[in-house]
Amino acid sequence: MKRTLIAGVIAGAAVAVAGFAPAQASEAPAMLSVLHGVPDLTVDVYVNDELTLDDFAPGDLAGPLELPAGTYTVAITAADAADASSPAIGPVDLPLESGMNYTAVAHLTEAGDPTATLFTNDISQTAAGQGRLTVRHVASAPAVDVLAGGSPVITNLTNPNEAKLDLPAGVISASVAAAGTTEPVLGPADVEVAEGANTIVYAWGSLDAGNLALAIQTVTGMHSTPDGVPAGSAGMVATNAPGSGMGVWIAAGAAMLMAATALVIVSIRRRAVARQEE
């Protein structure tokens with residue numbers, strides 16, 4: 001009887017613990033960041049007709065958002081629009097795959113028209129001591145060269161394309177020049193290439209309007225021995241560990257289980273003592 005009672009309480013407490021622990025997703029989520037690279041236009045961003053980013057300003061980088069794999073419809077409207085029925089950009093369909101990392105960029109074409117491009121961020125592992133530098137051309141400007149320390153390292157990059165390099169970790173002085181020249185139209189700027197991270201540099205804005213600018217995104221977690229979760233950041237490191245709260249819930253549930261078991265054992269002992277005294 002005692003064993004049955006204890007087993008029943010333990011089983012009930014185990015059910016309670018299971019109730020506190022969130023169910024594991026059948027597949028890893030997709031990670032989506034959003035960059036606003038259209039000058040002089042504050043916008044709202046709708047995902048599947050739901051307002052997701054309000055008063056999104058040029059140069060802002062949001063995310064990463066954890067989303068189940070699937071296709072999402074994104075529309076970008078003027079700020080404070082009533083709904084997504086009259087978008088300034090889109091709607092565009094973004095197919096997101098499980099476990100992948102993306103950045104959706106609202107930007108100008110080379111001709112200066114607003115558009116949107118979905119980039120897949122490279123989260124493959126880097127060698128020990130190295131980081132990845134990705135440069136994306138999303139500006140209203142002709143083909144460009146990217147200079148590091150005054151020498152071209154990426155040439156003839158056109159809108160809306162990208163180029164990638166794996167480099168020793170450190171700080172580089174980067175600038176952007178018209179293809180075939182070395183006179184910067186943007187920069188130089190110090191860019192930190194962090195070990196085990198993909199540092200993504202965006203050239204955005206308009207050459208003719210004189211408002212070219214740089215935006216930098218950092219996607220982490222690509223050490224040869226991974227010690228992080230790929231995530232995006234704008235001006236700060238964003239730590240994004242899905243399910244990081246599970247340990248707290250399991251610990252709390254385990255504590256409840258031990259407390260319940262202890263109470264039952266004490267109760268049984270008290271009853272046994274009482275019977276002996278009788």
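V144 lies in strand β10, which covers residues 144-148. The structure is a predicted model, and its chain holds two helices and 16 strands. The mean pLDDT of the chain is 79, with 71% of residues at 70 or more.

**V144 and its surroundings**
- V144 has a relative accessible area of 8% and is therefore buried, the cut-off being under 20%.
- Leaving aside residues up to four places away in sequence, V144 touches H137, I154, T155, N156, L157, V176, A177, A178 and A179.
- The C-alpha atoms of V144 and V185 are 9.3 Å apart, while the two residues are separated by 41 residues in sequence.

**Nonpolar cores**
- The largest nonpolar core has 21 residues.
- L32, V45, F56, I76 and L96 are the residues with the most contacts inside this core.
- At least two residues of this core come from each of β1 (30-36), β2 (43-47), β3 (50-56), β4 (61-67), β5 (70-78), β6 (89-96) and β7 (101-108).
- Strand β7 gives the most to this core, supplying four residues.
- V45, one of the residues with the most contacts inside the core, touches E50, L51, T52, L53, F56, V74, A75 and I76, again without counting residues up to four places away in sequence.

- The chain has 278 residues, of which 36% are buried.
- Of the contacts between residues at least 6 apart in sequence, 60% join residues at least 24 apart.
- The chain exposes about 14,300 Å², and carbon and sulfur atoms supply 57% of this area.

**Confidence along the chain**
- The pLDDT is below 50 over residues 1-25, a stretch with 20 contacts in the model beyond near neighbours in sequence.
- Residues 226-276 also stay under 50 in pLDDT, and for them the model has 58 contacts beyond four places in sequence.

Note on methods. Residues numbered from 1 in each chain as written. Predicted model: local features only at pLDDT ≥ 70, side-chain atom pairs only at ≥ 80, totals over all residues. Heavy atoms only, no water. pLDDT = per-residue confidence, 0-100. Contact = heavy atoms within 4.5 Å. Buried < 20%, exposed > 50% of the residue type's maximum accessible area, 1.4 Å probe, protein only. Areas by Shrake-Rupley, 256 points an atom, 1.4 Å probe, with all protein chains shown as cover. Core = buried A, V, L, I, M, F, W, Y, C linked by side-chain atoms within 4.5 Å.
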